[in-house]
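Please look over the structure below and then read on.

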Amino acid sequence: MRTARRYLAREIYRSCAVVLLALLGLFTFFALVDDLDNVGDKFSMVALLYMQALALPTRLYDLLPIGLLIGAVLALAGLAQRNELVILRVSGVSGMRLLRMLWLITLPLVVGATLLSEFVTPAAEIKSGEASLMFRGKASGTRMDSGYWFKEPTRNGGTRIINIAKLLADGNVEGVTLYEFKPGQQLTTLSTAATGAFAGDKLVLRDVAETNITEGAPDALADGKPPPTAPAYVSKVPERELDTTLSPERLLARVLTPERMSLNTLLDYIDYLHHNQLDAGRQVVALWRKVSYPFTLLVMITIAAPIGFMQTRRGGVGAKVFIGILLGVGFFMLNQLALNVGMLSRWPPWLTALGPNMGAVLVALGALTLMEYRHATTRFARARWPWRRSPA
């Protein structure tokens, strides 16, 4: 069985490598053509190629499950066409045992996918964000037209809302606006700063203009009469140190898609959101999806097994590959649909992340079981409904 497993592994790895190279080349070409309109004086062709190179790990992360499914179907269909799977079955290897062999073959890919998900993709995404800030002056991600917004508590029990207009490639910021509230949600200070830089757990603001609102300002404005003293006064300071829970890593986490973060960064960002009483539902679902991502490869090989084990007379290699492509695209769409519906319907995070995988595994195992025991099922049906026998 070791020889058979090595032979199956070599065929599957070779087919998957060819399929992944083709998919990566195709999607990179489309992205390159789509970005050619942005090439100019500030965004050169070299910068475009550099950013597309940084996007390769992310594309591989997205295409690996579908590439494994199509490659495995292609390899298994070729083996079935050459009657090599029939030889294994005749030698006493059951369909379930073949599936266990496929799972063992997929384990190195699971380890590689884990390393890709934890180290390569997050690093490439950070470099890509820095390159986008450097060449285009903007970063992709959850940014509003007014910039990035953060909320955190203050030492006196109040609340501070931070608005950052622009993130810089070196981790610093520009266009910072602070809204500081005392307990009771009464605005006390409005500050603006031209630039800011992180130093440990502090944010050093420069060229700060502070608008301080006095205690009696709300009552004076409510009376509608000229107050005896000014309700607010403006002061300017060259530099101000701000104790904050933000850091350059958390700023980048705000920019990155949650699934692109490493587990440590994602857990840290979820803790930050919970500490500041912010909604972390999307990030928790992303955490479950990230944990389950390597096992999606086992789901893909399980789906590929019944397609590849079908007899060649029931459909050629092309038909099986076409079915595999349809199932791969359908699974991807179902995964995205489950994410959106789960977020809107407030499903449990584990169900939103694992539901499509569990459903696909059950359907694939059911199909494989029917194929394994189809002769026994046919005999049972003929014995129970004898009038359905085909005429001799």
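Where is Asn-83 found? Asn-83 sits in the loop between α3 and α4 (84-90). The model is predicted, and the values that follow are computed from it.

**Overall make-up**

The secondary structure of the protein chain consists of 12 helices and six strands. The chain has 392 residues, of which 42% count as buried. Among contacts between residues at least 6 apart in sequence, 65% join residues at least 24 apart.

Most residues other than glycine have a negative phi. Asn-83 has a positive phi of about 65°, although it is not a glycine. Its relative accessibility is 45%, so Asn-83 counts as partly exposed. Gln-277 is another residue other than glycine with a positive phi, in this case near 55°. Gln-277 lies in the loop between α8 (263-275) and α9 (281-309). With a relative accessibility of 69%, Gln-277 counts as exposed.

**Helix pairs that involve α5**

Helix α5 covers residues 95-135.

| Helix pair | Angle | Distance between axes |
|---|---|---|
| α3 (residues 56-81) and α5 | about 165° | 9 Å |
| α2 (residues 45-54) and α5 | about 160° | 9 Å |

The angle between α2 and α5 is about 160°. That makes α2 roughly antiparallel to α5. Helices α3 and α5 are likewise roughly antiparallel to each other. The crossing of α3 and α5 is right-handed, whereas the crossing of α2 and α5 is left-handed.

Which residues meet where α3 and α5 pack? On the α3 side they are Pro-57, Thr-58, Leu-60, Tyr-61, Leu-64, Leu-68 and Leu-76. Their partners in α5 include Leu-102, Thr-106, Leu-109, Ala-113 and Leu-116, and also Val-120 and Ala-124.

In the other pair, α2 contributes Ala-47, Tyr-50, Met-51 and Leu-54. These meet Ala-124, Lys-127, Ser-128, Ala-131, Ser-132 and Phe-135 in α5.

**Leu-109 in α5**

Leu-109 is located in helix α5. Leaving aside residues up to four places away in sequence, Leu-109 touches Tyr-13, Leu-68 and Leu-297. Of these, Leu-68 is also listed among the α3 residues that meet α5. Leu-109 and Phe-295 are 186 residues apart in sequence, and their C-alpha atoms are 9.9 Å apart in space.

**Helix α11**

Helix α11 spans residues 349-372 and has 24 residues. From its first C-alpha to its last, α11 reaches 35 Å, which is close to the 34 Å expected at 1.5 Å a residue.

Where does α11 have a kink? The kink lies at Gly-355, shortly before the proline Pro-356, and comes to about 45°. Pro-356 is itself one of the buried residues of α11.

Notes: Residues are numbered from 1 along each chain as its sequence is written. This is a predicted model: local features need pLDDT of at least 70, side-chain atom pairs count only at pLDDT 80 or more; totals for chains, interfaces and linings use all residues. Side-chain values use heavy atoms; hydrogens and water are left out. Helices (H or I, at least four residues) and strands (E, at least two) are DSSP runs, numbered from the N terminus. The expected span of a helix is 1.5 Å times one less than its number of residues. The bend at a residue is the angle between axes fitted to the seven residues ending there and the seven starting there. Buried means under 20% relative accessible area, exposed over 50%, partly exposed in between (1.4 Å probe, protein chains only). Axes are lines fitted to C-alpha atoms, for helices over the stretch in contact, and angles run from 0 to 180 degrees between N-to-C directions. Angles under 35 degrees count as roughly parallel, over 145 as roughly antiparallel, 65 to 115 as roughly perpendicular and the rest as oblique. A crossing is left-handed if the near helix is turned anticlockwise from the far one by less than a right angle, and right-handed if clockwise. Contact means heavy atoms within 4.5 Å.
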